[in-house]
Amino acid sequence: MRIVDALNEGGLLNTWGFSYGSALGMTVAAMFPNRMGRVVLDGVVNPLDYFSGRDVSLVTATDMSFDGFFTGCVANPENCALAQLTLNAQQLSEMVYNLIYHLKFTPFVTGPDAVTDIIDYTVLKKAIQAALSTPTAWPILASGLHGLLANNIAEARKLLTLTNPPQSPTIFPDNGKEATSGILFSDVPPERINTTAFPLVVEELYTTSRLQGDLYAALVPLYRDWPFKAKGAYLGDFRAKTKNPILFVGGALDPITPLPNAYNASAGFEGSVVLEHGGYG
């Protein structure tokens, strides 16, 4: 808030936060409710789940979003390489899930580098997740999947552009991958970690999402084992009446910050409202 004061623009925070930015926005709103100006939080995380290391909610709409990818493929064959297979959406879905399982035991080699040129089970799932969050990348995902199925290396390598986007030579040359883990695991205060609940969280992740549940389940123990925690962690709740009402934004087909999160968050901030959209991503 010292930055807000330094700007000398009325002493109120005006911000738009999305995804992790929504967690930051809700935290500052809970801490300084009378300092909130125009606040829009989009792609909302569930703050209580996120800050306790048991965020199962993030995969509740993932599989439905993936189903939409296949439905869109069949409906728009001119933009989807998988449409060449002349299958319906359900058949395409099962074919790709079988492909994912196959890569667990038989990775697809696209070049000589054992790290950057291999498409395995985890790489493919991360590529799918990246594309689902950015629908403009769906044609790239479709082409890459078609390349794997057709054993076309050049086409399959398009998937690697989803997991390894062009890097900035001046800011975070690794695209902040290490920072992401550091923020995620250090954000959760030790006081909120319930290790006895870990098995239940893992089981729920597996049963909630066929596509991504296992990847997120593998992260759960790291909340306990991460060697450092953020200084000055917020330990309060997420209930407040802000000076100006917060606008929460969410979509039912968001693959990682589903719409119920927006309503759950809104319930804690008096006067806030939720704006629903019907798009993907």
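**Rings and helices: reasons for the terms**

Trainee: What makes Y280 partly exposed?

Mentor: In this predicted model, Y280 has a relative accessible area of 33%. Buried residues are under 20% and exposed ones over 50%. The value of 33% lies in between, so Y280 is partly exposed.

Trainee: Why is W138 called buried?

Mentor: The relative accessible area of W138 is 14%. The cut-off for a buried residue is under 20%, and W138 therefore counts as buried.

Trainee: How do you know whether T62 is buried or exposed?

Mentor: T62, a residue of helix α4, has 0% relative accessibility. That value is under 20%, so T62 is buried. Leaving aside neighbours within four places in sequence, T62 is in contact with Q129, L132, S209, L211, Q212 and P255.

Trainee: How many aromatic pairs does the structure hold, and what makes F66 and F69 a stacked pair?

Mentor: There are 16 aromatic pairs in the structure. The rings of F66 and F69 are 6.0 Å apart, centre to centre, with 10° between their planes. A pair requires centres within 6.5 Å, and stacking requires planes under 30 degrees apart. F66 and F69 are both buried.

Trainee: Why is the pair of W138 and Y280 called edge-to-face?

Mentor: The ring centres of W138 and Y280 are 5.1 Å apart, and the angle between the planes is 65°. The distance is within 6.5 Å and the angle is over 60 degrees, so the pair is edge-to-face. W138 belongs to helix α7 (residues 138-150) and Y280 to strand β8 (residues 273-280), so this pair ties together parts 142 residues apart in sequence. W138 and Y280 also belong to one aromatic cluster with F66, F69, F70 and Y97.

Trainee: Where does the charged end of R210 sit?

Mentor: The charged end of R210 sits over the ring of Y97, 3.8 Å from the ring centre. Likewise, the charged end of K104 sits over the ring of Y121, at 4.5 Å from its centre.

Trainee: What makes helices α6 and α7 roughly antiparallel?

Mentor: The axes of α6 (residues 121-133) and α7 come within 9 Å and cross at roughly 155°. This angle is over 145 degrees, so α6 is roughly antiparallel to α7. Their crossing is left-handed. In this packing, L124, I128, A131 and L132 of α6 meet W138, L141, L145 and L148 of α7.

Trainee: Why are α5 and α7 called roughly perpendicular?

Mentor: Helix α5 (residues 89-105) packs with α7 at an angle of about 65°, and the axes are 11 Å apart. Angles of 65 to 115 degrees count as roughly perpendicular, so the term applies to α5 and α7. The contact is made by M95, V96, L99 and L103 of α5 with L145, L148 and L149 of α7. The crossing of α5 and α7 is left-handed.

Methods:
Residues are numbered from 1 along each chain as its sequence is written. This is a predicted model: local features need pLDDT of at least 70, side-chain atom pairs count only at pLDDT 80 or more; totals for chains, interfaces and linings use all residues. Side-chain values use heavy atoms; hydrogens and water are left out. Buried means under 20% relative accessible area, exposed over 50%, partly exposed in between (1.4 Å probe, protein chains only). Helices (H or I, at least four residues) and strands (E, at least two) are DSSP runs, numbered from the N terminus. A charge sits over a ring if NZ of Lys or CZ of Arg is within 6 Å of the ring centre and within 35 degrees of the ring normal. Axes are lines fitted to C-alpha atoms, for helices over the stretch in contact, and angles run from 0 to 180 degrees between N-to-C directions. Angles under 35 degrees count as roughly parallel, over 145 as roughly antiparallel, 65 to 115 as roughly perpendicular and the rest as oblique. A crossing is left-handed if the near helix is turned anticlockwise from the far one by less than a right angle, and right-handed if clockwise. Contact means heavy atoms within 4.5 Å.
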